[in-house]
Amino acid sequence: MIKSLLLSLSLPSTNQTDLIEEIEEMHRLANTLGYTIENTIIQNKQKIDSSTFFGKGKLNSTINQCKELKYDTIFINNEIEPGHYKRIQKIAGKKIYIIDRTKLILDIFTKHAKTIESKKQIELASVQYMMPRLIGQWTHLERQMGGIGTRGGPGEKQIEIDRRLLRSDITKLKKDLLQIEIQRKTQRKSRKDIFKVALVGYTNAGKSSIFKNLSGYKKTYIKDELFATLDTTTKNIYLSDNTKVLLSDTVGFLRNLPTDLIASFRSTLGEIRDADLLLKVIDITSTDINGHMKTIDDTLEILNCHKKKSLIVFNKIDKVEDENIYVKIKSKYSNSIFISSLKKLNINILINSILKYTNENLNLFSLKIDYRNAAIIDFIYTLTTVMSRKDSYDKIELEFKCTQETFNKIKKRVK
Ligand SMILES: Nc1nc2c(ncn2[C@@H]2O[C@H](COP(=O)(O)OP(=O)(O)OP(=O)(O)O)[C@@H](O)[C@H]2O)c(=O)[nH]1
Ligand SMILES: [Mg+2]
């Protein structure tokens with residue numbers, strides 16, 4: 001682990017409990033990127049310094065401390081504007097990297113992106129972030145990766161060249177992403193009639209663990225770090241012998257997730273927009289359950305998905321040591337489900353709760369189909385849940401569950 005410092009500003013309007021949560025989160029984010037924060041410095045100020053965000057004295061003493069300790073990174077808890085960032089980085093010089101909250105999140109996403117889609121999405125968000133902050137030097141990650149960083153020189157002319165190159169990168173990335181989104185849309189269209197469930201929630205709440213539990217998909221990536229999942233995985237699963245749904249695991253949320261990042265991940269997050277039911281997963285051991293709930297709801301609102309049907313799922317109940325806390329949360333959130341995906345506790349309750357929603361709009365239909373019309377049978381098996389089948393010498397009689405809309409579509413095909 002690389003050692004580093006953390007600097008944070010506290011204003012009269014700052015909520016101290018939130019500040020502690022944020023700082024705790026910065027430690028975890030830094031860990032995920034391979035850093036330990038050895039010292040956290042909080043500056044109490046009446047207002048933001050218009051030039052350097054922090055007071056110059058505090059900034060200089062922190063930079064000196066960093067140099068003395070031979071560290072090369074200062075994390076900044078707050079999100080700082082490009083002008084502030086440039087001035088702080090200039091004071092820090094070339095050997096100390098300033099990484100604010102947004103940049104830290106972007107770097108984690110860059111490190112974790114696996115598919116072409118997520119790589120392009122994060123590249124777009126990173127380039128958009130970097131553009132107004134160019135000061136002729138590049139932070140550690142770009143340096144390590146080579147690439148665009150290698151063409152960065154110190155002069156203003158070089159910065160202009162870099163800006164121009166970045167602008168054309170943005171245009172190209174947007175074009176590529178649009179192409180991927182079109183493909184995804186076509187894919188989604190073919191799944192239009194199947195009931196769709198999406199796992200959403202704060203990062204590290206256990207969404208992928210639940211996904212693995214329900215889908216049995218062995219390759220599901222589960223890890224005790226923030227933003228382990230960056231790509232949506234969707235699987236067809238049977239919740240009972242008769243009920244099939246599409247389940248999606250998605251990228252986690254975090255308070256104040258950069259809006260550029262959410263915008264870039266539009267196509268990945270499309271599975272949420274498409275879902276009929278959202279499972280809002282909450283880590284019951286979190287010290288900030290209300291904050292996490294709010295983050296989920298705020299992010300869903302940005303995605304315009306806040307009105308969707310949803311079910312709150314508290315996960316990790318095996319970790320709760322104090323019975324009183326458990327009882328308290330249970331009485332406050334009485335309509336929720338309490339599970340442990342690790343110890344497989346109450347998974348059947350979760351399944352039954354989802355089933356209540358899937359059955360809400362479904363009716364039982366039956367059709368006698370002529371053998372000459374056999375193609376329609378495959379169609380019915382794909383789009384509905386078949387309850388029974390009787391084969392006679394010239395006909396097949398199927399009983400199946402689906403929505404009225406799907407049934408109409410099937411009937412149109414039956415000649
Ligand atoms: N004790 C306990 N740990 C759990 C449980 N569910 C998940 N975990 C652990 O929590 C960590 C995060 O789990 P994930 O399933 O990767 O969480 P996630 O919500 O998908 O996280 P991101 O993809 O990063 O957003 C892992 O170390 C899991 O083993 C649970 O029920 N109990
Ligand atoms: Mg995950």
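Reader: What span should the 14 residues of helix H13 have at 1.5 Å a residue, and what is the distance between its end C-alpha atoms?
Author: This is a predicted model, so let's check its geometry. Helix H13 covers residues 347-360, and at 1.5 Å a residue those 14 residues should span 20 Å. The model agrees, since the end C-alpha atoms of H13 are apart by 20 Å.

Reader: Which residues of H13 are buried, and how wide an arc do they cover around the axis?
Author: The buried ones are Leu350, Ile354 and Thr358. They sit on the same side of H13, because the arc they cover around the axis is only 75 degrees.

Reader: Which strands do the buried residues of H13 pack against?
Author: Go back to the buried side of H13 and follow the chain through its strands. The buried residues of H13 pack against S5 (196-201), S6 (233-240), S7 (243-249), S8 (277-283), S9 (309-315) and S10 (337-338).

Reader: How do H14 and H15 run relative to each other, roughly parallel or roughly antiparallel?
Author: Helix H14 (residues 375-383) packs on helix H15 (residues 404-413) with the axes 10 Å apart and an angle of about 170 degrees. An angle over 145 degrees counts as roughly antiparallel. That makes H14, relative to H15, roughly antiparallel.

Reader: Which residues make that contact between H14 and H15, and how many of them are nonpolar?
Author: H14 brings Ile376, Phe379, Ile380 and Leu383, while H15 brings Thr406, Ile410 and Arg413. Sorted by type, the contact has 1 charged residue, 1 polar residue and, for the nonpolar ones, 5.

Reader: Is Leu398 buried or exposed, and which residues is it in contact with beyond its neighbours within four places in sequence?
Author: Leu398 is part of strand S13 (residues 395-402). It is buried, as 22 other C-beta atoms lie within 10 Å. Leaving aside neighbours within four places in sequence, Leu398 is in contact with Ser366, Leu367, Ile369, Ile380, Val386 and Arg389.

Reader: How does Ile237 count, as buried or partly exposed, and how far in space is it from Gly216?
Author: Ile237 lies in S6 and counts as partly exposed, because it has 18 C-beta neighbours inside 10 Å. Not counting residues up to four places away, it touches Leu214, Ser215, Val245 and Leu247. Gly216 is 21 residues from Ile237 in sequence, and their C-alpha to C-alpha separation is 8.8 Å.

Reader: Zooming out, how many helices and strands does the chain have, and what share of its residues is buried?
Author: The chain has 15 helices and 13 strands. Its C-alpha trace spans about 90 × 55 × 35 Å along the principal axes. Of the 415 residues, the buried share is 33%.

Key:
Residues are numbered from 1 along each chain as its sequence is written. Chains are lettered from A and ligands numbered from 1 in the order in which they are written. This is a predicted model: local features need pLDDT of at least 70, side-chain atom pairs count only at pLDDT 80 or more; totals for chains, interfaces and linings use all residues. Helices (H or I, at least four residues) and strands (E, at least two) are DSSP runs, numbered from the N terminus. The expected span of a helix is 1.5 Å times one less than its number of residues. A residue is buried if 20 or more other C-beta atoms lie within 10 Å of its own, exposed if 12 or fewer, and partly exposed in between; C-beta atoms are placed from the backbone. The arc is that of the directions from the helix axis to the C-beta atoms. Two residues are in contact if their C-beta atoms, placed from the backbone, lie within 7 Å. Axes are lines fitted to C-alpha atoms, for helices over the stretch in contact, and angles run from 0 to 180 degrees between N-to-C directions. Angles under 35 degrees count as roughly parallel, over 145 as roughly antiparallel, 65 to 115 as roughly perpendicular and the rest as oblique. Ala, Val, Leu, Ile, Met, Phe, Trp, Tyr, Cys and Pro count as nonpolar, Asp, Glu, Lys and Arg as charged, and the others, Gly among them, as polar.
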